[in-house]
Amino acid sequence: MLKKIKSNLVMKLILGVILGIILGLFASKEVMQIILTIKNILGQIIFYSVPLVIIGFIAPSIANLKSNASKMLGTAVLIAYVSSVGAAFFSCIAGYSIIPHLNINSQASNLKELPKIIFNLEIPAVMPVMTALVLALFLGLSVAWTKSSTFENVLNEFQNMILGIVNKIIIPILPFFIAGTFSSLAYEGTITEHLPVFVKIIFIILIGHFIWLTVLYLLGGFISKQNPLEVIRHYLPAYLTAVGTMSSAATLPVSLKCANKSKILNKKIVDFVIPLGATIHLCGSVLTETFFVMTVSQLLYGYIPPVSIMITFIVLLGIFAIGAPGVPGGTVMASLGLITSILGFDQSGVGLVLTIFAIQDSFGTACNVTGDGAIALMLTGIFRNRKKEINEVRETINLS
């Protein structure tokens, strides 16, 4: 059991939440000062890494498209982006409609005031978040346009280095940071009042996943003029595997096997799109994060972000999702900069989003994986139709 907890991030996070709540409920003012100081230091380390994560994963993802960016690749990337952004807008509309009716009170009547931290250690980031995003876009595009193999290798090596930092530093300290976050919430009294809300939104998100998958497969059926049930009926093993692994990459062998069972999908397209989708198509994760940040904003700050801010957040979140690192909670990790710079979340807000996202991340991953089958169905229809059009043109030319 102890070995399982050590190897499972979600178990660590849940344990961090439980221990954090217990500490917050019973800790004295002096103990809370120590906890808040440690939490502040860990938060500084996490936020310092945000621009590095942005450059390390966005730039290589764009650069790797290079000359191999065929029509099929370009179409697949576009569909994946539109699917993620569409899922986010669907979630956003649901958020504006549902969250005001969840009876979330941002101010509890009996909240205790948090003590001041013992000392404040500031670790400024190497650059602002938006500067990092623009730099990542420019680096990736310039390498793709110039076909610079040297810089492409450099970016790939830098990505591996940043992934090492994420896996060896950021991920291990997350449970402690989250424990500190929930200690402060429990100490104030916020967590005991809003725990039912967290349960409600997780169920709402699960319903949203299935609705969005229905939309994707209906679109796939419309574009391909095939019955989408012939694809999705094979996907239950992949869905369950993703729930268990929380990783699209780890689920890839099962996803390929499920997609190849379908009689209507082009096998070459399946072999191309399913591995690609495991990297760039994160509709379930994006849908989840959008609803969560709106809920957390209402809970902690007393308001849902304005429409204009949410539109900016969603459009950029779709880009971040394509370059998100392949680790549990990779989408939210890659987009921490957006959460802090665009939505204005502080450490408590970030900690809360990270925790709730990570606890249900397996279901978001399952939605991502299952949605890849719909993209394969769309591309099968698009490129089959294009082939038919080309043949018809050739026949017309021959007849004339």
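This is a predicted model: local features need pLDDT of at least 70, side-chain atom pairs count only at pLDDT 80 or more; totals for chains, interfaces and linings use all residues.
Although Met11 and Pro175 are 164 residues apart along the chain, their C-alpha atoms are separated by 9.4 Å.

## Overall composition

The secondary structure of the protein chain consists of 17 helices and zero strands. Of the 400 residues in the chain, 52% are buried.

Two or more lining residues come from each of helix 2 (9-26), helix 3 (29-63) and helix 6 (149-188), and helix 6 gives the most, with seven residues.

What is the make-up of the lining of the second largest pocket by class? Eleven of the lining residues are nonpolar, while three are polar and two are charged.

## Nonpolar cores

The largest nonpolar core has 106 residues, and the members that touch the most others are Val293, Phe313, Ile339, Leu352, Leu354 and Leu379. Once residues up to four places away in sequence are set aside, Phe313 touches Glu289, Val293, Leu338, Ile339, Ile342 and Leu343. Another core, of five residues, lies apart from the largest one, and its members include Ala27, Met32, Ile35 and Tyr187.

Leu379, named above among the core members with the most touching partners, is also in contact with Thr75, as are Ile382 and Phe383, when neighbours of Thr75 within four places in sequence are left aside. Thr75 itself is located in helix 4 (residues 71-98), and it counts as buried because its relative accessible area of 15% falls under the 20% limit.

## Helix 12

Helix 12 (residues 283-301) comprises 19 residues, and the distance of 27 Å from its first C-alpha to its last is close to the 27 Å expected at 1.5 Å a residue. The helix is mostly covered, with 18 of its 19 residues buried. Just after helix 12 comes Gly302, whose phi is positive, at about 85 degrees.

Most residues other than glycine have a negative phi. Against that background, Lys147 has a positive phi of about 55 degrees although it is not a glycine, and Lys225 likewise takes a positive value, near 60 degrees.

Where does Lys147 lie? Lys147 lies in the loop between helix 5 (129-146) and helix 6, and it is exposed because its relative accessibility of 58% is over the 50% limit. Lys225 belongs to the loop between helix 7 (190-224) and helix 8 (229-232), and with a relative accessible area of 66% Lys225 is exposed as well.

How values were computed
Residues are numbered from 1 along each chain as its sequence is written. Side-chain values use heavy atoms; hydrogens and water are left out. A nonpolar core is a set of buried Ala, Val, Leu, Ile, Met, Phe, Trp, Tyr and Cys residues joined through side-chain atoms within 4.5 Å. Buried means under 20% relative accessible area, exposed over 50%, partly exposed in between (1.4 Å probe, protein chains only). Contact means heavy atoms within 4.5 Å. Helices (H or I, at least four residues) and strands (E, at least two) are DSSP runs, numbered from the N terminus. Ala, Val, Leu, Ile, Met, Phe, Trp, Tyr, Cys and Pro count as nonpolar, Asp, Glu, Lys and Arg as charged, and the others, Gly among them, as polar. The expected span of a helix is 1.5 Å times one less than its number of residues.
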